[in-house]
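Colleague: Before we discuss this model, could you put the sequence and the structure on the screen, so that we can go through the strands and a few side chains together?

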Amino acid sequence: MIPFDFEFYRPTSMREAVDLFQQLDLEGKQPMYFSGGTEIITLGRVNQIYTNAVIDIKGIPECQVRHFDNNFLYLGAGSVLADIEQENPFPLLTDVSKEVADHTTRRKVTIGGNICGNIPYREAVLPFLLTESEVIICGSSGLRCCQIQEAFDGKLHLNRGEFLVQLVTERKYLSTPYVSIKRRKQWDTGYPVVTVAAIRVGQEIRVAFSGLSPFPFRSKELEIALNDNSIAAEQRVETAITTLTEPIVSDTEASAEYKLFVMKNVLLDVITALEVK
């Protein structure tokens, strides 16, 4: 049970949602945008989140789209992971997302909620980092669009009152070779020791990580080392590890030393799976 009451709003347009946020913010109600709600429930129970008002964006049509327009795939932030998994327009995203929690929970978790959440793993962002997708964000000044690398640096940077509307991915990336590997401490569900998503674009392998650091990330420096075909795979992996600037954390899933051990083995698996012989 959540130990506080809050008002619930479900606007049917982006403008209504932004106006509601501003009004509730002026009234001191600490409003939050809401899509799946799983994180508000989870963190609200342990007093890590508090609000007097939530604004559910799932009633906004633009947040529910899942369609192609010319050579781009548009995914609304209010799309639940289970629906994306079933429709499978983006196979790498499907494979990454179906490892997030169990199926019942994925009927609630939305792609926007996962990417914008406070839980450190946020694995749904990995395919979008690899494919250099764009994000469409709504705020008081209207819509803005930018590459996800510009907006996501450890977390999705949103100005107060803004919310994520859609993610846009070029069709050419949807059929590129990929691999998704999640290593857990135990069982088939749960948080990762390490999650690695990787694609091959031409001769280049791109890699993104979750579970290693307090946030998901993609490292261009690591990829340069990993793609140096002049040396053996094992040596490339050792060199790639030295390029990491992101902190490797010890947590309830594994120590930092063990995570690095697992990461090295997973990177060798990625090279084996994706490298052109």
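Colleague: How many residues lie between E6 and E7 in the hairpin that they form?

Modeller: Please keep in mind that this is a predicted model. Strand E6 covers residues 134-139, and strand E7, residues 142-147, is joined to E6 by six bridges in the antiparallel sense. Within this pairing, Ile 137 has Arg 144 in E7 as its bridge partner. The hairpin formed by E6 and E7 has, between the strands, two residues.

Colleague: In strand E8, which residue is the bridge partner of Glu 134?

Modeller: Besides its pairing with E7, E6 is joined by five bridges to strand E8, residues 163-170, and these two strands run antiparallel. Strand E6 is mostly covered, with five of its six residues buried. The partner of Glu 134 in E8 is Val 168.

Colleague: Which strands stand at the edges of the open sheet of four strands, each with a single partner strand?

Modeller: The order in this open sheet is E9-E10-E11-E12, and the pairing is antiparallel. Each edge strand has a single partner, so one of its sides is left without a neighbour in the sheet. The strands in this position are E9 (178-183) and E12 (217-218).

Colleague: Is Arg 206 buried or exposed?

Modeller: Arg 206 belongs to strand E11, which pairs antiparallel with E10 over seven bridges, and Arg 206 stands opposite Ile 199. Leaving aside neighbours within four places in sequence, the residues in contact with Arg 206 include Leu 130, Tyr 173, Ile 199 and Glu 223. The cut-off for a buried residue is under 20% relative accessible area. Because its relative accessibility is 7%, Arg 206 counts as buried.

Colleague: With which side chain does the side chain of Arg 206 make a polar contact?

Modeller: Arg 206 is found in strand E11, and strand E11 spans residues 204-210. The polar contact of the Arg 206 side chain, at 3.3 Å, is with the side chain of Glu 204.

Colleague: What volume does the largest cavity have?

Modeller: The structure holds one cavity of 30 Å³ or more. Among the residues that line the largest cavity are Phe 90, Leu 92, Tyr 173 and Ile 199, and Ile 199 is also the residue opposite Arg 206 in E11. The volume of the largest cavity is about 30 Å³.

How values were computed: Residues numbered from 1 in each chain as written. Predicted model: local features only at pLDDT ≥ 70, side-chain atom pairs only at ≥ 80, totals over all residues. Heavy atoms only, no water. Pairing = 2+ DSSP bridges. Buried < 20%, exposed > 50% of the residue type's maximum accessible area, 1.4 Å probe, protein only. Polar contact = N/O pair within 3.5 Å; in protein donor to acceptor, adjacent residues only side chain to side chain. Contact = heavy atoms within 4.5 Å. 1 Å grid on protein atoms, 1.4 Å probe; cavity = no way out; pocket = protein on both sides within 12 Å on 5 of 7 lines; lining within 4 Å. Points joined across faces, edges and corners; volume = space filled by probe spheres on them.
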